[in-house]
Amino acid sequence: MDIKEFVKKEARENLAREFTKEGLFELKEQEIRGNNYHVFANLPQTLRDYFQFPLIHGEWDFLAYEEETYSYQEVLNTSAGLAHVLMDKYGIKKGDKVAFSMRNYPEWINSYIAVTSIGAVAVPLNSWWQGEELDYGLTHSESSIFIADEERLQRLEGYVEDMPRIAVRCDASKFTNTESFDDLVSPMEAFPEVEIDPEDDASIMYTSGSTGYPKGVVSTHRAVVSAPITWALMGQLATQIEVDGEPLASPIAGENPCTIAAVPLFHVTGSHAVFLLSLVTARKIVFMYKWDAVEALRLIEKHKVTDMTGVPTMSAEVLQAHKDNPEIDISSLKGLGSGGAARPPEQIKAQEKDHPDKVATVGYGLTETNAHATNASGITLYERPSTAGYPTPFLNLIKIMDEEGNELGPNELGEVAIKSTCNFRCYLKNEEATNEVLDSEGWFRSGDVGIIDEDGFLYIKDRIKDIVIRGGENIACLEIEAAIYEHPSVREASVFGIPDERLGEKLATRVSLNPGAELSEEDLSSFLAAKIAKFKVPEYMWFQADELPKVAAGKIAKKQMREEAIKELGLD
């Protein structure tokens, strides 16, 4: 199909209709929680089955970390060994919550596979969280056990001391109630037998919203599994696109596909678009201990990496680093995309111009949609670099709604709503918040403002929710404000985001001090560092004796202060 046809919504739907009529991607209608959806008829519907599906590829190197390499079968066997330990030693049963938090280590993958394959619920906690935050996630989720590396175990000292822990890549004897992963886990050939239904809960992933405390996003097995399979279908549809009679090549297909896990696995971009998607195409994943653009170049050269997905900052830094280190061979890299935050159009244009051999991609989704909603890549993106992409026909539906919930027409501005099998089931222990965003027909109100054009392409324009996205990390302003208010010198505080070329946004705060009080940037930064993750500490601070400006309703005039800060910093 010629690209000029493919960009038309009706043509994409006709193509998808042919692709999903029969065979691997055949679709059928099924009722889920009172609403009808299209689901895959012949592909796995639970994570347990999904992890067995890649064995059709035969053996391949699946994970690489520093000098270690693990085949997919080895990863499965270690995961099966952990699954038996969880059930036999710790009494974990179907429906129990198991939390884990660590750097991007192979043991993160083992933990996710083991937990979900026995019908327990995976709770991947943010590895940047400090002790109080980890305590909140463990307590709120009612997790039965915690699997973590040394940094996370150290931060948790003094909290939930009765919870058993498994130590990853460190000395377990340093910690109470803790045993070593390596001492406990021996590879096994099979997982314990457990019956799992597609609508059983599979994971709880925490996301920062506008309410301060992170919300636990509960997703079912079907919702999680639908994400990588839907991406695979979209990839198949893209292979049908022709430009001047020549088919487009896919960066994640072909021989020896390989990617870098540059984003944290506790985010859906990392867990879904990197980890789970790799199982469909027998893709090798190269782990990084810590993000470094030059090190990424070396890994691309060493492992012949074919594609990479990171936050927009990473894509830009890789290309800049190669400009500074042209001797490093990254010719194997064919795809360079982003997720987790909006990618600046200028960055996409620059990649098309300066690196035409490296296909740019964008994806839009949320934790609540298991990273799924819309995607675009290559020429479809280059012709409209501001777009967030288009939804996969029949599987992901999007619309624009007004405040009353009415659907708006093409190019009308409103809130983006998404309906998909990938959508989450609920917010843990928060029915009110669930009902605010998820209606009885299955539509999820994203909190993002956008438009959809005549061809079905989505454009994100703004956010309703009061969050800042810094380098792909969602940060709730209310959470930071609450921490600032704990300082005895603070009378009022307002936190907001200001634009940043590298990270997308940076945090800023304006603080009103109590009469006679004094406070410096250094003092407040140190105070906050003991309470919240380092990336949440505002990088710009202003202090004043007067009250903060207010709008007519008496609320703090955050928008006004943000505009003033942008002007003062010369960013307007």
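Start with Tyr213. Tyr213 is exposed, because its relative accessible area is 60%, and the cut-off for exposed is over 50%. Keep in mind that this is a predicted model.

Tyr136 and Tyr213 form a stacked aromatic pair. Their centres are 4.9 Å apart, with 20° between the planes. Colour by secondary structure next. Tyr136 lies in helix H6 (residues 131–141). Tyr213 sits in the loop between strand E10 (201–207) and strand E11 (215–220). The two residues are 77 apart in sequence, so the pair ties together separate parts of the chain.

How many aromatic pairs are there by this ring-centre rule? The count comes to 22.

Select Trp60 and Tyr72 for another of them. This pair is stacked, at 4.9 Å centre to centre and 10° between the planes. Trp60 is in the loop between helix H3 (47–52) and strand E3 (61–65). Tyr72 belongs to helix H4 (residues 72–88). Twelve residues separate them, and the pair links distant parts of the chain.

Next, select Tyr50, Phe51, Phe100, Trp108, Tyr112 and Phe275 together. Ring pairs link these residues into a cluster.

Finish with two arginines. Select Arg169 and Tyr105: the charged end of Arg169 sits over the Tyr105 ring, 5.2 Å from its centre. Then select Arg384 and Phe457. Here the charged end of Arg384 sits over the ring of Phe457, 4.3 Å from the ring centre.

Note on methods: Residues numbered from 1 in each chain as written. Predicted model: local features only at pLDDT ≥ 70, side-chain atom pairs only at ≥ 80, totals over all residues. Heavy atoms only, no water. Phe/Tyr/Trp six-rings, centres within 6.5 Å; stacked < 30°, edge-to-face > 60°. Helix = DSSP H or I, 4+ residues; strand = E, 2+ residues; numbered from the N terminus. Buried < 20%, exposed > 50% of the residue type's maximum accessible area, 1.4 Å probe, protein only. Lys NZ or Arg CZ within 6 Å of the ring centre and 35° of its normal.
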